[in-house]
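Morning, everyone. Let me put the model up, and then we'll go through it piece by piece.

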Amino acid sequence: MALVVFVLVLATLGAGSVVFDAAGDGSEPPREFATVDNETSTLWPYTSRATAFDGRTLALNLIVYGDTEETALHLTEQSEGDWNETDEEEGDAGVAEDDEAVFGTATAWGNAEGSTRYTYASPTPDPDDGIWLAESYELHDGTYLGTRHHIRAYESPADENWTAMQAHQEHWDWFHLRHTVDSIEESQQYVETEFMGRWFVDDVTRVHMDNDRSSDGDGWVTVVDLADRPTALTVPFIGLLGASVLRRFDRDGIVRYWGTPRVRNTIALPISLIAVYLFVRFGAIALEGALPSLDPRIVAAPFYPLIFGGLPVCTYVFARRLDRPTAFSAASIGFAVAILLDYTLLGVTRLPVNVLVHRFSAAVALGFVAVGASHAERFDSERHGYVRTGVILWVVVLLLPLLQFV
């Protein structure tokens with residue numbers, strides 16, 4: 001029975017990847033171009049993993065017209081608000097001391113690291129005159145091991161004064177050990193508001209480039225025209241996270257009920273999984289902030305073993321006094337709640353289908369470990385078979401995203 005379920009879960013996981021891949025348009029990579037800078041230049045409105053059109057990834061979603069050096073300076077200088085986390089992490093952005101020095105956006109964007117992506121641009125209306133451009137610089141607002149807005153900026157290849165940008169929101173995925181893109185529309189709006197109402201901005205509009213073939217993009221690209229005349233200021237919007245409500249019970253009844261080992265473990269099992277997973281996320285974020293000069297991937301290294309070994313160990317320990325249905329439910333639901341809380345606190349609202357299927361498979365794997373561990377003080381070859389199945393499935397679930405099969 002365990003082997004059958006194991007095979008079914010793997011098949012479902014593979015199917016999830018197929019469904020997600022099939023969600024694309026499946027057509028040849030688009031080679032349509034857009035004219036920029038009063039139709040004197042040509043731009044391919046996408047980014048690519050390689051210097052080839054068939055490596056297309058995310059769509060470009062912002063173009064800033066104006067001196068390229070000033071564009072970068074506007075983003076990295078802070079003129080309003082108290083968002084100086086990027087100052088502490090990167091050490092390359094400052095806060096203006098008086099009104100005359102106000103020059104930048106509300107956020108001091110810090111330098112970022114990420115995989116190289118290319119775009120294609122031509123200094124003439126003829127696309128055949130174009131060259132492949134690597135990003136001129138990368139910026140971010142947020143934390144590497146949490147969630148962040150990430151900008152890749154491409155400066156015009158000749159004497160034209162424009163900067164094309166690809167902005168997206170992403171979060172660090174502890175199963176893939178890399179970033180997962182959540183949205184390009186939300187980051188486009190986020191960067192768009194950074195330029196709205198600034199004295200150095202003449203106009204912020206949108207033009208349709210029909211490059212809506214990636215993520216949640218709608219094909220509309222934000223166009224920012226830099227100028228030197230003041231306009232009305234805008235105030236950034238900051239979201240708030242609501243608090244949970246506690247229900248009151250009869251205290252004596254709780255004491256009597258809590259006194260049984262089964263109830264204690266039923267509650268302790270999901271709480272331990274939630275605590276471990278959230279400690280990994282926010283402990284890593286805290287350490288990243290405390291050690292800004294250290295590569296975030298090095299910071300993440302000591303936390304990953306808690307994902308790999310800590311979660312199944314907690315599952316096994318706290319499921320020992322539970323019956324099978326309770327053990328499976330407590331482990332799988334506890335892990336699902338941990339994932340839900342993690343994404344909620346990070347502000348992640350969109351996930352690909354294959355990621356959802358993968359997290360479901362991880363919950364099932366821990367459920368099998370819990371079933372095998374239930375009443376483990378009595379030797380039972382069938383129960384230990386469930387443990388082996390759960391551990392094998394857990395290892396496979398962790399390896400698949402690392403090997404980029406999910």
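By class, four nonpolar, five polar and one charged residues line the largest cavity. For the classes, Ala, Val, Leu, Ile, Met, Phe, Trp, Tyr, Cys and Pro count as nonpolar, Asp, Glu, Lys and Arg as charged, and the others, Gly among them, as polar. This is a predicted model, where local features need pLDDT of at least 70, side-chain atom pairs count only at pLDDT 80 or more, and totals for chains, interfaces and linings use all residues. Residues are numbered from 1 along each chain as its sequence is written, and side-chain values use heavy atoms, with hydrogens and water left out.

Which residues line the largest cavity? They are A59, L60, N61, I184, Q188, N211, G217, D218, G219 and W220. The space inside is about 30 Å³. The count is one cavity of 30 Å³ or more. A cavity here is a set of points, on a 1 Å grid over the protein atoms alone, where a 1.4 Å probe fits but cannot get out; lining residues have an atom within 4 Å of a point. Points are joined across faces, edges and corners, and the volume is the space filled by probe spheres set on them.

Next, helix packing. Helices are DSSP runs (H or I, at least four residues), strands likewise (E, at least two), numbered from the N terminus. Helix α9 (residues 324-346) packs on helix α10 (residues 353-373) at about 145°, axes 8 Å apart. Axes are lines fitted to C-alpha atoms over the stretch in contact, and angles run from 0 to 180 degrees between N-to-C directions. Contact means heavy atoms within 4.5 Å. On the α9 side, the residues include F328, F335 and Y343; on the α10 side, they include V355, L366 and F368. The residues of that contact divide into 14 nonpolar, two polar and two charged.

Helix α8 (residues 304-318) also packs on α10, at about 35°, with axes 8 Å apart. L311, P312, T315 and Y316 of α8 meet L366, V369, A370 and A373 of α10. That contact has seven nonpolar, one polar and no charged residues.

Finally, confidence. Mean pLDDT (the predictor's confidence in each residue, from 0 to 100) is 77 for the chain, and 73% of residues reach 70 or more. Where pLDDT is low, the predicted coordinates should not be read in detail.

How values were computed: On a 1 Å grid over the protein atoms alone, a cavity is a set of points where a 1.4 Å probe fits but cannot get out, and a pocket is an open set with protein on both sides within 12 Å along at least five of seven lines; lining residues have an atom within 4 Å of a point.
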